[in-house]
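Subject: Structure handover

Hello,

Here is the structure you were waiting for. Please open it alongside this message.

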Amino acid sequence: MTNLQPPLMGAMMDQPLLISSIIRFAARHYGGSEIVSRRVEGDMHRYTVRDCEARARRLANVLRAQQVAPGERVGTLAWNGYRHMELYYAVSGSGAVLHTINPRLHPDQIAYIVNHAEDQLLFFDLTFLPLVEAIAPRCPTVKAFVLMSDRAHMPAASNSANLLCYEDLIDAASTDYAWPEFDEHAAASLCYTSGTTGNPKGALYSHRSTVLHAYASAMPNALNVGAADVVLPVVPMFHVNAWGLPYSVLLAGAKLVLPGAALDGKSLYELFEAEGVTFSAGVPTVWLGLVNYVLQNGLAFSTFRRTVIGGAACPPALMDTLIDRLGVKVIHAWGMTEMSPLGTTGGLLAKHRDLPVESQRAILRKQGHAIFGVDMKIVDDGGCELPWDGRTFGHLLVRGPWIVSRYFGGNSGDEGGDVLQDGWFPTGDVATIDADGFMQITDRSKDVIKSGGEWIGSIDIENIAMAHPAVLQAACIGVHHPKWDERPVLVVVRRPGASLTREEMLRFFDGRIAKFWMPDDVVFVDALPTGATGKIQKNRLREQFRDYRLPG
Ligand code: AMP
């Protein structure tokens, strides 16, 4: 066959992969599936996917009346709730771009990203009224601020002009709306990275990337979401689209439970039990709170059987407690904002079935296997590919149809240069990959500790420390050393009422790590600095320890 000959084309329909197709499908085929929300107003709200789709159509008419054009950005400052779901589908489905904003960011950063995205409308939950009033004068592109509540909850007086009431707008709008068809590569939603250094950068997802990610993430090897599930995403809808669950749960026909702002152990446990939750998703800190509440009160889960934990390394002690004491299967997942976010998920292969529990657990603790659609490799400092032997660590690079190719340019058009290296996205993580393809993160590149030219995996050290019963939280950072360049120091928060000395902590590492990985010091603190997504901020910790001198 010569290269000049055109390929024989397939004879299949050409239907664009659009976000509106998910809710149209769900309303038609799983229309009776419930969406239950704990509202910030304090009560519970329940309706069906069919109701959600009808209200999303009304909302699309509201956007049209507000003259939001295709491609224009619409911001949200909102918890996980049914009105946020309506926005997910109405904004993207109508051709505009849903810009979810992390309300835990500093108000200056929020104002920065609203301006960078040039948001035309800003929808917000009641909780964020003071925040919106504070930033509104600094957000000139926003034509109207919409309070996501009813008339009864509107403030009597407000100093922000153009304050609208969500329910009034919905009531006045018609359901007569036909979801438009357009190019599947069109932008659908926008999420800024948490930006620990410099300004946050925008990942601009397309309809195609979102639908493909939703398909792949629902697969058995990934999150395995099915119609018999009751799914409660604790992971917020303002951070990487709640790991795609607002899409994958609907296409799978499952029941969705949205926890609003009440994310403490007690509120979550009560909601899990009341609604029969079978599957959930969140960062490790959330599970620490929930698990502590359940164990301290001698409780058990009646229906909760599976959870995905990601966003930061899942401490092995937490995984063991969930599996062994509470009967909850843990899927360890890795990804990032730039990856929509799912990249890998943990799980066992058929050949692992008869392994002893401890060997199986060692596999489950890894960040897992790439899901179909994600390709990955590890490279050295010079970009040469490294072997998949489970020992050699290198910079982790990824590629695939739901991974960014560049950052969103915003009003300046500045896309931060070419972010890819020979077509691969550098994740900024350092990892090993074993012969079976299981990836394990050892560090963030910028958190890596290099002692005498050798890398020390701080996550391993932290995981071991967290297995000590007196340790609540631990972070390992590199500090300057005159001979070795850097040496590890372990910073520990003790559990309330527990006693633990430096020597006891160090002895705990004996036989568990290589000698040169042994922390040179252990420092006890009351709390570790965390960022807007609940992760420990090691750059701030390093800053705090800038003038620290190693003992001796
Ligand atoms: P974000 O874009 O805020 O979601 O952060 C992405 C980063 O979080 C990744 O590049 C990793 O450094 C870290 N991360 C996410 N999931 C995991 C995990 N399971 N284990 C270790 N680090 C993780």
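This is a predicted model: local features need pLDDT of at least 70, side-chain atom pairs count only at pLDDT 80 or more; totals for chains, interfaces and linings use all residues.

**The ligand site**

The ligand is surrounded by 15 residues. Ala333, Thr337, Asp429, Arg444 and Lys535 are the closest. By type, the shell splits into seven polar, five nonpolar and three charged residues. Strand β14, residues 329-335, contributes the most to this shell, with four residues.

Start with histidine 332: an N or O atom of its side chain is 3.1 Å from a nitrogen atom of the ligand. At alanine 333 the backbone does the work: one of its N or O atoms is 2.7 Å from a ligand nitrogen. Arginine 444 uses a polar side-chain atom, which sits 2.7 Å from an oxygen atom of the ligand. How much of the ligand does the protein bury? On its own the ligand exposes 500 Å², and the protein buries 91% of that.

**Histidine 239**

Look next at the loop between β10 (230-233) and α8 (240-243), where histidine 239 lies. Is histidine 239 buried or exposed? Its relative accessible area is 13%. The cut-off for buried is under 20%, so histidine 239 counts as buried. Setting aside neighbours within four places in sequence, histidine 239 is in contact with Cys191, Thr337 and Thr533. Thr337 is also one of the residues closest to the ligand.

**Helix α4**

Helix α4 covers residues 107-117. Its buried residues are Ile110, Ala111, Ile113, Val114, His116 and Ala117.

**Aromatic pairs**

There are 17 aromatic pairs in the structure. In one of them, tyrosine 88 and tyrosine 247 have ring centres 5.6 Å apart and planes at 45°, so the pair is tilted. Tyrosine 88 is in helix α3 (residues 82-93) and tyrosine 247 is in helix α9 (residues 245-252), so this pair ties together parts 159 residues apart in sequence. Tyrosine 88 is buried, at 0% relative accessible area. Tyrosine 247 is buried too, at 1%.

Tyrosine 247 also pairs with tyrosine 89. Here the centres are 5.9 Å apart and the planes stand at 75°, so this pair is edge-to-face. It again links helix α3 with helix α9, and the parts it ties together are 158 residues apart in sequence. Tyrosine 89 has 0% relative accessibility and counts as buried.

Elsewhere, one aromatic cluster is formed by Tyr269, Phe272, Trp287, Tyr293, Phe301 and Phe304.

**Alanine 261**

Last stop: alanine 261, in the loop between β11 (255-258) and α10 (265-275). At 37% relative accessibility, alanine 261 is partly exposed. Neighbours within four places aside, alanine 261 is in contact with Val40 and Trp79. Its C-alpha atom is 23 Å from that of leucine 318, which is 57 residues away along the chain.

Best wishes

Definitions and conventions
Residues are numbered from 1 along each chain as its sequence is written. Side-chain values use heavy atoms; hydrogens and water are left out. A residue is near a molecule or strand if one of its heavy atoms lies within 4 Å of it. A polar contact is a pair of N or O atoms within 3.5 Å; within protein, one must be able to donate a hydrogen and the other to accept it, and residues adjacent in sequence count only if both atoms are side-chain atoms. Accessible areas come from the Shrake-Rupley method with a 1.4 Å probe; for residues, only the protein chains shown count as cover. Helices (H or I, at least four residues) and strands (E, at least two) are DSSP runs, numbered from the N terminus. Ala, Val, Leu, Ile, Met, Phe, Trp, Tyr, Cys and Pro count as nonpolar, Asp, Glu, Lys and Arg as charged, and the others, Gly among them, as polar. Buried means under 20% relative accessible area, exposed over 50%, partly exposed in between (1.4 Å probe, protein chains only). Contact means heavy atoms within 4.5 Å. Rings of Phe, Tyr and Trp (its six-membered ring) pair if their centres lie within 6.5 Å; planes under 30 degrees apart count as stacked, over 60 as edge-to-face and the rest as tilted.
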